[in-house]
Amino acid sequence: MNEETKKRIEDMIHKKKIFLFMKGTPDAPECGFSMKTIEILKSYKVEFGYFNIFEDEDIRQGIKDYANWPTIPQLYINGKFIGGADITEQLYNSGELKKVIEE
């Protein structure tokens with residue numbers, strides 16, 4: 001990943017407290033995992049930023065390298081990588097995600 005792509009990713013994840021790299025948009029997710037993650041975030045009624053990885057191939061590949069995580073969606077809170085859909089769902093079910101969001 002080049003420095004420009006890295007900087008763009010870092011700018012995005014620091015723009016909002018909660019930021020999601022996803023397939024599609026919150027109103028029209030383009031995969032079940034992105035939809036599941038959106039539903040969890042919406043259940044908290046929190047504001048979050050997002051980026052549709054289908055809009056930019058550099059970001060689509062770069063975010064996988066940045067987080068060293070091969071799949072999308074990827075959730076960031078306070079600039080820190082939280083995980084993909086399964087981890088987000090596990091944290092939601094345990095109550096840990098709420099704690100992280102409220103920090």
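Asp27 counts as exposed, at 74% relative accessibility (exposed means over 50% relative accessible area, buried under 20%, and partly exposed in between, with a 1.4 Å probe and protein chains only). The model is predicted: local features need pLDDT of at least 70, side-chain atom pairs count only at pLDDT 80 or more, and totals for chains, interfaces and linings use all residues. Residues are numbered from 1 along each chain as its sequence is written, and side-chain values use heavy atoms, with hydrogens and water left out.

Asp27 forms a salt bridge with Lys42. A salt bridge here is a side-chain nitrogen of Lys or Arg within 4 Å of a carboxyl oxygen of Asp or Glu. The closest N and O atoms of Lys42 and Asp27 are 4.0 Å apart. Lys42 lies in helix 2 (residues 32-43) and Asp27 in the loop between strand 2 (24-25) and strand 3 (28-29), so the pair ties together parts that are 15 residues apart in sequence. Helices (H or I, at least four residues) and strands (E, at least two) are DSSP runs, numbered from the N terminus. Lys42 is partly exposed, at 41% relative accessibility.

The structure holds nine salt bridges. Side chains of opposite charge can pair when their charged atoms come close. Lys36, Asp86 and Glu89 are linked in a network of such bridges. Asp86 pairs with Lys36, with the closest N and O atoms 3.7 Å apart. Asp86 lies in helix 4 (residues 85-94) and Lys36 in helix 2, so this pair ties together parts that are 50 residues apart in sequence. Glu89 also forms a salt bridge with Lys36, at 3.2 Å between the closest N and O atoms. Glu89 lies in helix 4 and Lys36 in helix 2, so the parts tied together here are 53 residues apart in sequence.

Ser34 is buried, with a relative accessible area of 0%. Beyond residues up to four places away in sequence, Ser34 touches Met22, Lys23, Pro29 and Pro73 (contact means heavy atoms within 4.5 Å). Pro73 sits in the loop between helix 3 and strand 5. The peptide bond from Ile72 to Pro73 is cis, with omega near 10 degrees.

Asn68 lies in that loop between helix 3 and strand 5 as well. Asn68 has a positive phi of about 55 degrees although it is not a glycine. Asn68 is exposed, at 68% relative accessibility. Asn78 likewise has a positive phi of about 55 degrees, and it is not a glycine. Its place is the loop between strand 5 and strand 6 (80-83). Asn78 is partly exposed, at 46% relative accessibility. Most residues other than glycine have a negative phi, and most peptide bonds are trans.

The axes of helix 1 (residues 3-15) and helix 3 (residues 57-67) come within 10 Å and cross at roughly 80 degrees. Axes are lines fitted to C-alpha atoms, for helices over the stretch in contact, and angles run from 0 to 180 degrees between N-to-C directions. Helix 1 is thus roughly perpendicular to helix 3 (65 to 115 degrees). Thr5, Lys6, Arg8, Ile9, Glu10, Met12 and Ile13 in helix 1 meet Asp58, Ile59, Gly62, Ile63 and Tyr66 in helix 3. Met1 is placed in the segment before helix 1. Met1 is partly exposed, with a relative accessible area of 46%. Leaving out residues up to four places away in sequence, Met1 touches Lys6, Ile9, Gly62, Asp65 and Tyr66.

The largest nonpolar core has 13 residues. Such a core is a set of buried Ala, Val, Leu, Ile, Met, Phe, Trp, Tyr and Cys residues joined through side-chain atoms within 4.5 Å. Those with the most contacts inside it are Ile18, Leu20, Leu41, Leu75, Ile77, Leu97 and Ile101. Strand 1 (18-22), helix 2, strand 5 (74-77) and helix 5 (96-102) are the elements that give two or more residues to this core. A second, separate core of twelve residues includes Ile9, Ile13, Ile53 and Tyr76.

Terms used:
Angles under 35 degrees count as roughly parallel, over 145 as roughly antiparallel, 65 to 115 as roughly perpendicular and the rest as oblique.
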